[in-house]
Amino acid sequence: MADLVAAVNSGDRLASLKALASDLAVSLAESEISNRAALAKQLRDTLTEIEQIPKEGEVDALDELAARRRVPPRVAEARR
């Protein structure tokens, strides 16, 4: 749990989510059966959120569209 607090305090979203996923996995393994479904859902959601964070240097579709819109119209016409 201390790792989670340190990660959140660092302001690093990816590190925070990874620490949360780790704590959720431990809690899931140690929990009573009645709590497992909720913990499993939280873990799946957290893992999905981690996967959605672009990796360093990776450009997603929205970034690519934004970059295209910043290109002056004359340059865009010349590309055609």
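## Helix packing

Axes are lines fitted to C-alpha atoms, for helices over the stretch in contact, and angles run from 0 to 180 degrees between N-to-C directions. Helices (H or I, at least four residues) are DSSP runs, numbered from the N terminus. In this predicted model, local features need pLDDT of at least 70, side-chain atom pairs count only at pLDDT 80 or more, and totals for chains, interfaces and linings use all residues. Residues are numbered from 1 along each chain as its sequence is written, and side-chain values use heavy atoms, without hydrogens and water.

Helix α1 (residues 2–10) packs with α2 at an angle of about 165 degrees, their axes being 8 Å apart. Angles over 145 degrees count as roughly antiparallel, so α1 is roughly antiparallel to α2.

## Residues between α1 and α2

In contact (heavy atoms within 4.5 Å), Asp-3, Leu-4, Ala-7 and Val-8 of α1 meet Ala-15, Ser-16, Ala-19, Leu-20 and Asp-23 of α2. By class, the contact of α1 with α2 has six nonpolar, one polar and two charged residues.

## Salt bridges

A salt bridge is a side-chain nitrogen of Lys or Arg within 4 Å of a carboxyl oxygen of Asp or Glu. The count is two salt bridges.

In one, the closest N and O atoms of Glu-49 and Arg-13 are 2.1 Å apart. This pair links distant parts of the chain, 36 residues apart: Glu-49 is in helix α3 (residues 33–52) and Arg-13 in helix α2 (residues 13–30).

Asp-45 forms a salt bridge with Lys-41, with 2.7 Å between the closest N and O atoms. Both Asp-45 and Lys-41 lie in helix α3, four residues apart, about one turn of the helix.

Methods: Helices (H or I, at least four residues) and strands (E, at least two) are DSSP runs, numbered from the N terminus. Angles under 35 degrees count as roughly parallel, over 145 as roughly antiparallel, 65 to 115 as roughly perpendicular and the rest as oblique. Ala, Val, Leu, Ile, Met, Phe, Trp, Tyr, Cys and Pro count as nonpolar, Asp, Glu, Lys and Arg as charged, and the others, Gly among them, as polar.
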